[in-house]
Amino acid sequence: MQLGNLHPLFVHLPIGILVLAFLMELYYAKKPAPKDNGAILFTLGIGALSALFSVASGWFLGDNGGYDEVLLSRHKWIAIAFTVGALLLFFLKKSTQTKIQKVYLPVFVLVLVLLTLTGHYGGSLTHGEDFLFQEKYTEPVIENVDEAKVYAEIIQPILQKKCVSCHNSSKAKGGLLLASKNDLLTGGDSGSLLEAEEEGKSSLLMHRLYLPIAEKEHMPPKGKVQLTSDEILLLEWWMKNENCFDCITKDLLVDDKLDGILASLEKDTSLNALIAEKVDEVPTEYLQSLAQQNISAQLLSEEIPLLSVNLSHRNDLTEEDFDLLKKYKENIVELNLGYTNLDNELGKQLKKFKHLTKLQLQKTQITNEFVSTLASFEFLESLNLYGAELDDSALEAFKKLENLKNLYVWQTKMSKDGLAKFQEGNKSVMVQGQVADSVFASSTLSPPTILTDKEIFIDSVKVSIEQYFDGAKVYYITENSKNDTVPKEYTEPFYLTETSTLRAYTTLEGWEPSEMSTGDFLKSRVEVANVSLARLPHPKYKAQGGKTLMDLKRGTTNFVDGSWLGYESEHMTATIEFKEQTTISNVSVGSLSIPNNWIFFPVGYTVWGSTDGNTFNKIKTVKLGIQEPSVIQERKAFNIDFDPISLKKVRLLVESPLKNPDWHAVPGGNSFIFLDELVFN
């Protein structure tokens with residue numbers, strides 16, 4: 001064992017001991033005689049002795065080299081002066097002469113100054129000359145790793161965290177510096193770090209990293225924080241690509257393993273990601289308890305504990321509903337209150353939800369009086385006020401929303417001039433209002449809105465399509481039995497007379513076309529007289545019983561809107577009686593999927609038919625299998641086609657997965673199926 005290696009152990013002893021002795025002096029100075037019982041003298045003696053050991057071990061450590069000579073000299077001689085002062089303090093304290101006792105405290109203060117300087121220069125030797133006042137190293141934030149600068153954003157941070165503490169301008173072990181590109185290229189006493197010592201061997205850098213940790217030349221040395229296997233692979237990848245200093249990740253070859261490591265370096269800098277770092281996990285039991293209270297809440301994804309709450313189309317909202325959300329109010333970032341009874345008074349409850357990034361208030365009863373409530377939402381990015389009773393005076397409050405990106409004010413009383421003035425001072429906000437001149441700059445066209453009063457119809461359904469950009473055109477495609485998929489320009493409302501999928505998009509000269517808006521419209525050619533259920537649905541999701549499956553109304557993605565039949569961990573069997581015997585060849589089953597709320601699409605169907613109303617024969621069985629991993633809310637109408645057959649009754653089995661799939665956050669939990677409409681053709 002080398003005596004110099006004990007220096008880190010001894011160096012802190014005199015600091016603590018002598019500071020304690022000084023504090024004791026201050027304490028006893030206010031006490032009546034006798035001042036102390038010899039405790040301070042004993043403490044000064046131990047302090048002086050530890051200072052001697054510290055100086056001796058430091059002297060030997062300094063002889064090992066690798067330190068800045070100027071800093072080392074200052075540290076060494078000030079440390080010696082401090083040690084002499086510590087010894088002197090002991091003898092001054094021990095003396096009984098009055099003159100000597102008068103200089104005791106001034107000398108003590110001088111010794112503490114020397115102690116501070118010694119520590120400062122010692123820290124500069126170990127951590128760098130500007131260690132005390134230097135800015136904290138900020139690791140680069142990589143948002144898109146494909147565009148990252150390999151050395152500056154991937155390699156240098158590794159060296160900074162694991163190597164620079166021993167290889168900096170004040171402490172250059174082996175004559176090697178690693179704080180910059182030039183340092184790396186210069187190398188140290190053993191030569192270039194980026195070249196091999198022998199031809200055909202790995203570089204000196206990789207050689208030292210791969211040495212057994214017990215080896216003296218292993219980097220970092222034993223006792224220091226070691227590089228992870230991922231960090232070593234990244235360094236090796238960089239070296240194999242000729243240790244390039246200006247290359248971009250996408251320009252280098254990457255295998256599957258490295259692709260995963262590189263992907264892990266990306267950091268999500270979105271507001272949701274920043275909020276997620278501050279909040280706690282949300283128990284599944286809490287989400288279930290909300291569902292039982294007619295509140296739909298789900299996680300945005302399985303990776304982050306943020307909530308999207310959907311209360312749309314609720315006309316019975318009260319303060320109690322918002323109180324139920326208080327426990328995890330910090331986690332709620334999306335809140336849909338569209339088409340509810342929300343008014344100015346009830347809107348005061350929103351002040352609790354400071355982390356909202358998306359707020360939907362379309363077709364509510366709020367007025368200008370309400371908008372001041374929104375000023376405190378510093379994270380708000382998207383605000384939908386479609387159809388609300390608001391005018392230009394409300395725009396002043398929106399100027400305070402620093403993160404606002406999308407503002408929807410279609411069919412409000414806001415004027416063209418008012419919106420134009422707001423947009424002029426808030427160019428980063430995309431405004432969609434009743435006017436949308438080029439002044440409302442947007443990076444992309446928004447998809448049009450498909451408007452209709454129903455999705456299931458008997459004879460026909462009227463469809464309107466709206467878009468918000470002045471001069472833009474809308475085109476639509478109707479996919480149905482006619483296979484007419486040629487886009488048509490929308491000019492006025494039109495009627496659909498058969499089951500169709502409608503797709504619409506917006507175009508504008510000089511712009512890329514918008515994304516598609518999609519609507520599914522089902523024609524019911526068969527009149528249903530009655531639907532009876534073999535088993536009752538879950539008491540919380542019973543809607544109108546069998547009538548729910550024949551009322552020609554689709555449920556929304558809010559599964560507690562009263563339009564869905566929910567079955568927990570069991571299949572659904574229904575018997576459907578037609579008003580008269582009818583030839584059918586298709587059954588459409590409306591279903592819902594919200595995996596975060598344990599709701600999944602069915603895994604299969606079986607259809608039986610009866611010509612006399614008593615005897616049933618199997619017509620068709622369809623097996624779909626377990627749903628693929630997803631966190632998306634989705635409605636879907638599953639179609640079961642078969643050869644035309646004349647029937648009086650149909651019996652339908654809808655198979656539930658019964659349990660949550662293996663990929664779910666709670667595998668094996670009781671899952672649900674939600675059904676809203678049966679359509680026959």
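Lys363 is partly exposed, at 36% relative accessible area (buried is under 20%, exposed over 50%, partly exposed in between, with a 1.4 Å probe and protein chains only). This is a predicted model: local features need pLDDT of at least 70, side-chain atom pairs count only at pLDDT 80 or more, and totals for chains, interfaces and linings use all residues. Residues are numbered from 1 along each chain as its sequence is written, and side-chain values use heavy atoms, with hydrogens and water left out.

**Positive phi**

- Most residues other than glycine have a negative phi.
- Lys363 has a positive phi, near 55°. Lys363 sits in the loop between E4 and strand E5 (382-384). Helices (H or I, at least four residues) and strands (E, at least two) are DSSP runs, numbered from the N terminus.
- Ser569 also has a positive phi, about 55°, and is not a glycine. Its loop lies between strand E17 (565-568) and strand E18 (572-593). Ser569 is partly exposed, with a relative accessible area of 25%.

**The seven-stranded sheet**

- Seven strands make an open sheet with mixed pairing, in the order E1-E2-E3-E4-E5-E6-E7. Two strands pair if DSSP finds at least two bridges between them.
- Strand E1 (296-299) and strand E7 (430-432) are the edges; each has a single partner strand, so one side of each lacks a neighbour in the sheet.
- From one strand to the next, the twist averages 10° (axes are lines fitted to C-alpha atoms, and angles run from 0 to 180 degrees between N-to-C directions).
- Three bridges pair strand E3 (residues 332-336) with strand E4 (residues 358-360) in the parallel sense. Glu334 stands opposite Lys358 in E4.

**Strand E15**

- Strand E15 (residues 517-523) has five of its seven residues buried, so the rest of the structure largely encloses it.
- Strand E9 (residues 456-457) pairs with E15 in the parallel sense over two bridges. Phe457 has Lys523 in E15 as its bridge partner.
- Strand E14 (residues 500-507) runs antiparallel to E15, joined by five bridges. Thr501 has Asp520 in E15 as its bridge partner.

**Nonpolar surface patch**

- Leu49, Leu52, Phe53, Leu87 and Phe91 form a nonpolar patch on the surface, with about 460 Å² of accessible area together. Patch residues have over 30% relative accessible area and no salt bridge, and nonpolar side chains are joined within 5 Å. A salt bridge puts a side-chain nitrogen of Lys or Arg within 4 Å of a carboxyl oxygen of Asp or Glu.
- Helix H3 (39-62) and helix H4 (69-94) each give two or more residues to the patch. H3 gives the largest share, three residues.
- Phe91 lies in helix H4 and counts as exposed, at 53% relative accessibility.

Definitions and conventions:
Patch = residues over 30% accessible without salt bridge, like charges linked within 9 Å, V, L, I, M, F, W, Y side chains within 5 Å. Areas by Shrake-Rupley, 256 points an atom, 1.4 Å probe, with all protein chains shown as cover.
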